[in-house]
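Please look over the fold below.

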Amino acid sequence: MLEAASDDEQRVMSLVRRRVAGEPLQYLTGLAGFRQLQLRIGPGALVPRPETESLAGRAIELAPEGATVVDVGTGAGPIALSLAYERPDLRVLATELSPEALEWARLNRDELGVEVELILCDLFEGLPNALRRGVHVVVSNPPYISETERSSLPVEVADHEPGVALFSPGDGLQIFERIAFGAKGWLRDGGVLLSEIGDRQGDTVLGLLRHLGYDSPRIRDDLVGRPRIAEAVWRR
Ligand SMILES: C[S@@+](CC[C@H](N)C(=O)[O-])C[C@H]1O[C@@H](n2cnc3c(N)ncnc32)[C@H](O)[C@@H]1O
């Protein structure tokens, strides 16, 4: 006679089934490491990627003492929370369009006990007006995959991570362009825009940044040497 599965066995079987269906491992464990942090994560927010650690590191390196930094599209909060954790002198604000993703950021912020102002809004819309032309660094890992690339994504990503975190209209750069345009109203003289981009988007991004009037645009490499970080200075 077959013995009924124990609660533990049933839980393990359910996790195995979810993993076989392609759900990211981090959604099953509920945890993702990012720089010095262990973050809570689950469906509704993008799993923080190791390559984004370079972007966060560059923001941490560039922000002057006591600076104001805005993370646009914070997801579960890896960039904003790393900034606040590694640089407690900074004022960090983070915006996010998805209420589900922002809940993960809130949970992580509260567990870490760091100060980050979390704002549910489209790009810069919900930032306090007093910050106009006062921000030292705008940092973002925006959605930058075009819909035509959907079929080339692994099942873990395409079927399980939120589309709003992945896809941007047109060639994938429409949201980046809106951020680069919008940031001009918030950055102070000499302020820096930092954004993760796709490794084949560098030339187009450099052209867009020049067209928008940014100074010294450049593309930096990520941890594994791929050109993934756009950086440019805004001069008034
Ligand atoms: C690629 S994910 C990055 C998440 C997180 N910053 C990270 O690096 O793991 C992009 C994030 O931008 C958010 N987003 C997309 N469009 C947005 C918009 N118009 N305004 C604010 N956030 C947006 C998505 O919901 C998602 O959380």
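Isoleucine 219 sits in strand β8 (residues 215–221). Helices (H or I, at least four residues) and strands (E, at least two) are DSSP runs, numbered from the N terminus. The model is predicted: local features need pLDDT of at least 70, side-chain atom pairs count only at pLDDT 80 or more, and totals for chains, interfaces and linings use all residues. Residues are numbered from 1 along each chain as its sequence is written.

Isoleucine 219 is partly exposed, with 19 other C-beta atoms within 10 Å. Burial is a count of other C-beta atoms within 10 Å of a residue's own: 20 or more is buried, 12 or fewer is exposed, and in between is partly exposed, with C-beta atoms placed from the backbone. Setting aside neighbours within four places in sequence, isoleucine 219 is in contact with Gly202, Val205, Leu206, Pro227, Ile229 and Ala230. Contact means that two C-beta atoms, placed from the backbone, lie within 7 Å. Arginine 109 is 110 residues away from isoleucine 219 along the chain, and their C-alpha atoms are separated by 30 Å.

**Helix α5**

Arginine 109 is one of the buried residues of α5, along with Ala101, Leu102, Trp104, Ala105 and Asn108. Seen down the axis of α5, the buried residues fall within an arc of 155°, so they line one face of the helix. The arc is that of the directions from the helix axis to the C-beta atoms. Pro99 and Asp110 are exposed, on the face of α5 turned away from its buried side. The cover over the buried residues of α5 includes β2 (37–40), α4, β4 and β5 (117–120).

The length of α5 checks out. Its 14 residues (99–112) should span 20 Å at 1.5 Å a residue, and the end C-alpha atoms are 20 Å apart, which agrees. The expected span is 1.5 Å times one less than the number of residues. Just after α5, glycine 113 takes a positive phi of about 70°.

In α8 (residues 174–183), Ile175, Phe176, Ala180 and Ala183 are buried. They cover an arc of only 135° around the axis, which puts them on the same side of α8. Cover for these α8 residues includes β6 (135–140), β7 (187–196), α9 (202–211) and β9 (227–234).

In α3 (residues 52–62), the buried residues are Thr52, Leu55, Ala56 and Ala59. Their arc is only 95° around the axis, which puts them on the same side of α3. What covers them includes β3 (68–72), α4, β6, β7 and β9.

Most residues other than glycine have a negative phi.

**The ligand shell**

How many residues surround the ligand? There are 22, and the closest are Gly73, Gly75, Leu97, Asn141 and Ala165. The elements giving two or more residues to this shell are α4 (78–86), β4 (91–96) and α7 (163–166). A residue is near a molecule if its C-beta atom, placed from the backbone, lies within 6 Å of it.

By class, the shell has 13 nonpolar, seven polar and two charged residues. Ala, Val, Leu, Ile, Met, Phe, Trp, Tyr, Cys and Pro count as nonpolar; Asp, Glu, Lys and Arg as charged; the others, Gly among them, as polar.

**The whole chain**

The protein chain has nine helices and nine strands. Its C-alpha trace spans about 80 × 40 × 30 Å along the principal axes. A compact globule of 236 residues would have a radius of gyration near 18 Å; the chain has 19 Å, which agrees. That radius is taken over C-alpha atoms, and the globule rule is 2.2 Å times the number of residues to the power 0.38.

Buried residues make up 39% of the 236. Of the contacts with a separation of 6 or more, 66% join residues 24 or more positions apart.

Arginine 17 lies in helix α1 (residues 7–20). It counts as exposed, with 10 C-beta neighbours inside 10 Å. Arginine 17 and arginine 228 are 211 residues apart in sequence and 34 Å apart in space, C-alpha to C-alpha.
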